[in-house]
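Colleague: Could you walk me through this one slowly? I am new to reading structures.

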Amino acid sequence: MKAQPPRDQNVDSDINARPIQRFRRPDDPDWHWLEQRDAPEVTAFLEAANDEARRWFSTLEGLTERLYHGHLARRELAVHGLPTALDHFTVWSETAADADHPVWWRHANDAPETTEPFFDIQARARDSAFFEIGDMALCPDETWLAWTEDTQGNETFTLWLQHLPDGEPLKLLDDIGPELCWAEDGTTLLFTRFDATQRPESIWRLSLRLTAPSPSIDHEALILRETDPEFWLGLGKTRSREWLVLESASKDTSETHLVPARTPNRPPWRFQPREAGVEYALDHRPGHFYVLHNRHAPHFRLDRLDEIAPDSAGETLIEHRDDTTLEGVDAFSWGLVLTERDHQEAQVRLRVIELDAAHARQRDSWLPLNETPCSQALDATPHFDTRRLRLHEESFTQPPSWTEIDLDSGQRRLLKRQAIYGDLQPEQLTCQRLWAHSHDGERVPVSVVMRADLTGHPLPTLLHGYGAYGEVLDAWFSPARLELLARGVAFVVAHVRGGGERGEPWYLAGKLEHKTNSFQDFLAARDALVEQGISDGERIVAHGASAGGLLVGASLNLSPERFRAAVLDVPFVDVLRTMQNPDLPLTTAEYSEWGDPRDPAVRQRLQAYSPLDNLPERPWPPVFLQGSWHDTRVAYWEPAKLYARLSELAGPGNTPPPLLRTDMDSGHGGASGRFKAWHDHAREDAFILWALGKA
């Protein structure tokens, strides 16, 4: 391959010419040559685009720095994590004010004065441009720590082992998945491996000789392999510590295998065979399994099955309901904590059920919510017998807080609340939930947060959306967001179909043949903001990441004039071509989400909305695209090709032209260090404020 691609003879060859001009290939109008990762002209193209973006952003450099330092001033940089008492030690993390990563500390439960560090992540990350911990796992007696780490950003991990508190780290394995789980025998560690498409396709058992200071691998054995390319494997353990849980799941079907946690050499036992379209998950109390499933129950129900004879008829504890999705079950010695979602209010709730020895209900009540909409979740509560639950709660206006609830006294005790500094405090914010009416009359929840003193005035607005995989965008607080809010910008989330905010029906109504509902919902949310006087219709910027980039890109194709600008992070925009390549990571596993284009009808459907295949003759508004070189979920070439195609359509004179920035050190989640990630966020916000006329 030539070092330099053919150039259009009519284009100025000056090095300062735009990348779209310098690298144009008349014989490849769709820019697929950018998929050749090892070709030097590909990195040259991306670096030229980075240079172009750098030059354009130089005029906003002062604003970017003010946003960045303003963000730093609003948050507590030295972070002391919440201590968690395990069986033998209490552990917590501490992040220094100038550090990207934490140091983990511990003390013996009966000697709180004997504090000692046992895992310095900041030191391990010091020599790596990218560093991310995949998983950390303490062995049952808490004397050994195993962890996985990624130093490339490609989500391929290395397994390490260390005797605590200060043994020499030992590298055990390369090229494995992130997940780890110790068996209760104290010497067996379970992990996953990938196939060629980076699908976790096998679970392995590692028998260890844990002799300090020189541990070694005694034996490595395959436990379970998943041959269906649409299924991924995952690891877990019941809170009772009786069972290791090996789950195989696609986007709409699951199957669980169990291994006794104290005798991990026994072969896995398939709990229930897979049925197409049936998902189930389980937890355990001695004598019983509690199985959450959607067999003949689209919104899920909860059954109790006998531990010895799970195939026999059990008891249904929570029936299927039309207005509520049952999302999770956590078992304790005294009963259950259920996670439920109300469809009408798009609100999650925690429900506590206490059971006596005869399995009769002694209590059945919902934990109170501080406000709505908000997030409420069970936080780290490792002990099976504890009667003190730790909750994590936050909202669009209130920073994260951790509360302990005593089930016996009913007392709530605030353990920690994230501190917020500066001129804009949570009590000066307001949040409201409005409902947009989509093209088919469906009500779409829309969350709005702004300064309380600006209510009643149409505001410049950042509209964010995701809407895929049934993922939920429950309310979350962001110190960085305060920089926009302080400058009079409203932040809005469109909870479109395809997400899980209104339960399982909401997800199913925005996937496969119903995917276009997501795009119409996003546009309906935008219009409702204008109609209800919340947003200035001339100043709305759209934002989406990953599959949210698909949402925003498809919405812009339908109606580019509705938005002032857009920001797309690692956007999934080359949908048809990606889904036609089964060798790429995620593709085959996502047939049940998007469809298999080997079916002509599916191919036609994907082609009809894939953003890269439907760019309109009307120009898009200014757009800032971001990709990552090591991204294995959305390849760097998807935003790069969109950038090239939009540049061709835009023509000369656009201010700004489409902008592309590719992080050459990171993966799908962006920068691993918090300061670099915050600076990247400040650059995004500078673009948004420029587009909204607030720079």
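Colleague: How many aromatic pairs does a search of the whole structure find?

Modeller: The search finds 31 aromatic pairs, where rings of Phe, Tyr and Trp (its six-membered ring) pair if their centres lie within 6.5 Å, and planes under 30 degrees apart count as stacked, over 60 as edge-to-face and the rest as tilted. The pair Phe-522 and Phe-563 is stacked, because the ring centres are 5.9 Å apart and the planes stand at 25 degrees. Please keep in mind that this is a predicted model, in which local features need pLDDT of at least 70 and side-chain atom pairs count only at pLDDT 80 or more, while totals for chains, interfaces and linings use all residues. Residues are numbered from 1 along each chain as its sequence is written, and side-chain values use heavy atoms, with hydrogens and water left out.

Colleague: Where do Phe-522 and Phe-563 lie?

Modeller: Phe-522 is in helix 7 (residues 516–531) and Phe-563 is in the loop between helix 8 and strand 35 (565–569), so the pair ties together parts that are 41 residues apart in sequence. Helices (H or I, at least four residues) and strands (E, at least two) are DSSP runs, numbered from the N terminus.

Colleague: And is Phe-522 buried or exposed?

Modeller: Phe-522 is buried, with a relative accessible area of 0%, and Phe-563 also counts as buried, at 6%. Buried means under 20% relative accessible area, exposed over 50%, and partly exposed in between (1.4 Å probe, protein chains only).

Colleague: Which residues form a cluster through ring pairs?

Modeller: Ring pairs link Phe-23, Trp-31, Trp-33, Phe-45 and Tyr-643 into a cluster.

Colleague: What span should helix 8 have?

Modeller: Helix 8 (residues 547–558) should span 16 Å, and its end C-alpha atoms are 17 Å apart, which agrees. The expected span is 1.5 Å times one less than the number of residues.

Colleague: New topic: what volume does the largest pocket have?

Modeller: The largest pocket has a volume of about 340 Å³, a volume being the space filled by probe spheres set on grid points that are joined across faces, edges and corners. On a 1 Å grid over the protein atoms alone, a pocket is an open set of points with protein on both sides within 12 Å along at least five of seven lines, whereas a cavity is a set where a 1.4 Å probe fits but cannot get out; lining residues have an atom within 4 Å of a point.

Colleague: Which residues lie nearest the centre of the largest pocket?

Modeller: Of the 15 residues that line the largest pocket, Asn-50, Arg-54, Phe-57, Arg-661 and Arg-683 lie nearest its centre. Helix 2 gives the largest share of that lining, 4 residues. By class the lining divides into 3 nonpolar, 5 polar and 7 charged, where Ala, Val, Leu, Ile, Met, Phe, Trp, Tyr, Cys and Pro count as nonpolar, Asp, Glu, Lys and Arg as charged, and the others, Gly among them, as polar.
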